[in-house]
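Student: I have a protein model to read. Could you take me through its features?
Tutor: Gladly; here are the sequence and structure.

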Amino acid sequence: MKKSINMNWKGGMAFETELDGHKMVVDAMEAGGGSDLGPRPKVLMLVALGGCTGMDVVSILKKMRVEVADLNIRVEANMTEEHPKQFDDMKIIYEFSGDNLDKEKLKKAVDLSMERYCGVSAVYRKAMPVNYEIVLK
């Protein structure tokens, strides 16, 4: 299955795209010649990872009949100093809250996402270490 997007230059450093019926603009900061009309492209890599694994984990836990009151996902990444500036390490922090949560089931859901289902993490792991931590709140 082939996927494609179209990026339309809006002037300055801004580009607009439409993804699944939703318009989105990426832009540079003013210091970088942009107008700060949207997020920078590289940070969207973190969004892609957090969203991909988050959706997997929620779906898997639902099938396991694990009721989570809240799930917050943080993705931290280290960016190199030299050009081309790139992420060379990522960490996902899954913060779960709820009553009587079984940490083993949470770990199993996260492991399934990371090792089998999340296509974003599969690609990123080819380029850098991607680790995770589970936190119960």
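Student: Which residues line the second largest pocket?
Tutor: The general idea comes first. Rolling a probe the size of a water molecule over the atoms shows where empty space is left. On a 1 Å grid over the protein atoms alone, a pocket is an open set of points where a 1.4 Å probe fits, with protein on both sides within 12 Å along at least five of seven lines; lining residues have an atom within 4 Å of a point. Here the lining is Met13, Phe15, Val26, Asp27, Ala28, Met29, Ala31, Gly32, Arg40 and Pro41.

Student: What should I know about the model and the numbering?
Tutor: This is a predicted model: local features need pLDDT of at least 70, side-chain atom pairs count only at pLDDT 80 or more, and totals for chains, interfaces and linings use all residues. Residues are numbered from 1 along each chain as its sequence is written, and side-chain values use heavy atoms, with hydrogens and water left out.

Student: What volume does the largest pocket have?
Tutor: About 360 Å³, where a volume is the space filled by probe spheres set on the grid points, joined across faces, edges and corners. Of its 13 lining residues, Leu19, Met24, Leu44, Val47 and Ala48 are the closest to its centre. The element α1 gives the most to this lining, with 4 residues.

Student: How do I read the strands and helices?
Tutor: They are DSSP runs, numbered from the N terminus: helices are H or I with at least four residues, strands are E with at least two. This protein has 3 helices and 6 strands. Their order is β-β-β-α-β-β-α-α-β.

Student: In which sense do β1 and β2 pair?
Tutor: Two strands pair if DSSP finds at least two bridges between them. Strands β1 (residues 8–11) and β2 (residues 14–19) have 3 bridges and pair in the antiparallel sense. Gly11 has Ala14 as its bridge partner. The two strands form a hairpin with 2 residues between them, and Gly12 in the turn has a positive phi of about 60°.

Student: Which residues have the most contacts inside the largest nonpolar core?
Tutor: In soluble globular proteins, nonpolar side chains tend to be buried together. A nonpolar core is a set of buried (under 20% relative accessible area, 1.4 Å probe, protein chains only) Ala, Val, Leu, Ile, Met, Phe, Trp, Tyr and Cys residues joined through side-chain atoms within 4.5 Å. The largest one has 22 residues, and Leu49, Met90, Phe96 and Val130 have the most contacts inside it. The elements α1, β5 (87–97), α2 (103–117) and β6 (130–136) each supply at least two residues of this core.

Key
Buried means under 20% relative accessible area, exposed over 50%, partly exposed in between (1.4 Å probe, protein chains only).
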